[in-house]
Amino acid sequence: MEVTVSLVILAFAAAAMLKLITAQTRLSREADVRLVATLAVENVAERIRAVDHDGIAAAVDEFRLDSGNANLRFSVESFNSGVDEGLHLTIDALDTSNPSRVLASQHVWRLSRNNENVQE
């Protein structure tokens, strides 16, 4: 009888340990995917910050055509801050298995007057 109870406890403990290991592996994999997406978005944002105001549209088009940026979505919009005009660039890293899911996002604001950068 004691052996049977011990085997049942051991089986439950093994099943619980297997579930914990599976969950940890899945979470670790998702964290790695998010980290890669965040680094890719930040890399492109930093490269765009180095471009002058007039060259942003061309730089975005170049990044769109780059096959390494296939899972990145770019959005460029004009804005007016009252005195100055500028561009607001949004870079989103999309999940390759679910393109409607955004893994990471970065915003770059560029004022045309002084070529100032503002980041959120």
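This is a predicted model: local features need pLDDT of at least 70, side-chain atom pairs count only at pLDDT 80 or more; totals for chains, interfaces and linings use all residues.
Helix α2 runs over residues 56-65, and its buried residues are I56, A59, V60 and F63. These four cover an arc of only 100° around the axis, so they end up on the same side of α2. Turn to the face pointing away from the buried side, and the exposed residues A58, E62 and L65 show up. As for what the buried side packs against, the partners are α1 (2-49) plus three strands, β1 (72-80), β2 (85-94) and β3 (102-111).

The axes of α1 and α2 lie 10 Å apart, and the packing angle is about 150°, which means α1 is roughly antiparallel to α2. Their crossing is right-handed. On the α1 side the contact involves V44, R47 and I48, which meet I56, V60 and F63 of α2. Sorted by type, the residues of this contact come out as five nonpolar, one charged and no polar.

I48, which sits in helix α1, deserves a look of its own. With a relative accessible area of 0%, I48 is buried. Leaving aside residues up to four places away in sequence, I48 touches I56, V60 and F63, and also F74, L89, I91 and R110. V33 is 15 residues from I48 in sequence, and the C-alpha to C-alpha distance between them is 23 Å.

Methods: Residues are numbered from 1 along each chain as its sequence is written. Side-chain values use heavy atoms; hydrogens and water are left out. Buried means under 20% relative accessible area, exposed over 50%, partly exposed in between (1.4 Å probe, protein chains only). Helices (H or I, at least four residues) and strands (E, at least two) are DSSP runs, numbered from the N terminus. The arc is that of the directions from the helix axis to the C-beta atoms. Contact means heavy atoms within 4.5 Å. Axes are lines fitted to C-alpha atoms, for helices over the stretch in contact, and angles run from 0 to 180 degrees between N-to-C directions. Angles under 35 degrees count as roughly parallel, over 145 as roughly antiparallel, 65 to 115 as roughly perpendicular and the rest as oblique. A crossing is left-handed if the near helix is turned anticlockwise from the far one by less than a right angle, and right-handed if clockwise. Ala, Val, Leu, Ile, Met, Phe, Trp, Tyr, Cys and Pro count as nonpolar, Asp, Glu, Lys and Arg as charged, and the others, Gly among them, as polar.
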